[in-house]
Amino acid sequence: MTCDDVLIDRMRRILSRREGCSEGRMFGTTCFMIHDNMCAAAWKGSLIVRLDKQNHDATLAEPYTRPADMNGRTMKGWALVEPAGFASDDQLAVWLGRAAKFAESLPAKKRDPSHTRPALKQA
C-alpha cells in the first residue's frame, strides 16, 4: 500500500460522512468530490485541497502549504499540503472540512446519468 493509498483511506473515512460526496479520478489519482465539484485528492504523498481563490495567498502563507503546481502551471484556489500538515486525523479533518465547505458552496454539477459516480458509503 502506497502513502497515497493510506491517505485516500483516511480521507474516505472522514469524507464519507458528507452528503453528496463521491470518488472519481483526476490528476492520475483518486479524488473526492461534493456534488461533483472537486474537493480534495492525494497526490504524490501530499494532500491537494480546493479552496476559495480569493483566499489563495492567505492559504499559501499557512504552514506546510505550497502552490498546487500541475504540469508546470500553478492552480489558483488550490493548495498542496505537505504530510506534516495532515499528520493527525484531526489536522486532516480540518483541511478536508475547509475544502468540503468550499465545494458545497458551488452549484451542483448536472451530469449525464451514464456518468454519475456512486456516493460514498456512510461510515
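1. The model is a predicted one, in which local features need pLDDT of at least 70 and side-chain atom pairs count only at pLDDT 80 or more, while totals for chains, interfaces and linings use all residues. Residues are numbered from 1 along each chain as its sequence is written, and side-chain values use heavy atoms, with hydrogens and water left out.

2. On confidence, pLDDT (the predictor's confidence in each residue, from 0 to 100) has a mean of 88 over the protein chain, and 89% of the residues reach 70 or more. Strand β5 (residues 65-70) has the lowest confidence, at a mean of 88, and helix α3 (residues 89-105) the highest, at 97; helices (H or I, at least four residues) and strands (E, at least two) are DSSP runs numbered from the N terminus.

3. Six salt bridges are present in the structure, a salt bridge being a side-chain nitrogen of Lys or Arg within 4 Å of a carboxyl oxygen of Asp or Glu. One of them joins the side chains of Asp-9 and Arg-12 at 2.8 Å, N to O; both residues lie in helix α1 (residues 3-15), three residues apart, or about one turn of the helix. Asp-9 and Arg-12 are linked with Glu-23 in a network of salt bridges.

4. Another pair is formed by the side chains of Asp-89 and Arg-10, at 2.9 Å, N to O. Because Asp-89 lies in helix α3 and Arg-10 in helix α1, this pair ties together parts that are 79 residues apart in sequence. Arg-10 counts as buried at 13% relative accessibility, whereas Asp-89 counts as partly exposed at 42%.

5. Helix α3 also contributes Arg-98, whereas Glu-62 lies in the loop between α2 and β5, so the pair ties together parts that are 36 residues apart in sequence. The side chains of Arg-98 and Glu-62 meet in a salt bridge at 2.9 Å, N to O. Arg-98 is partly exposed at 29% relative accessibility, and Glu-62 is partly exposed with a relative accessible area of 25%.

Terms used. Buried means under 20% relative accessible area, exposed over 50%, partly exposed in between (1.4 Å probe, protein chains only).
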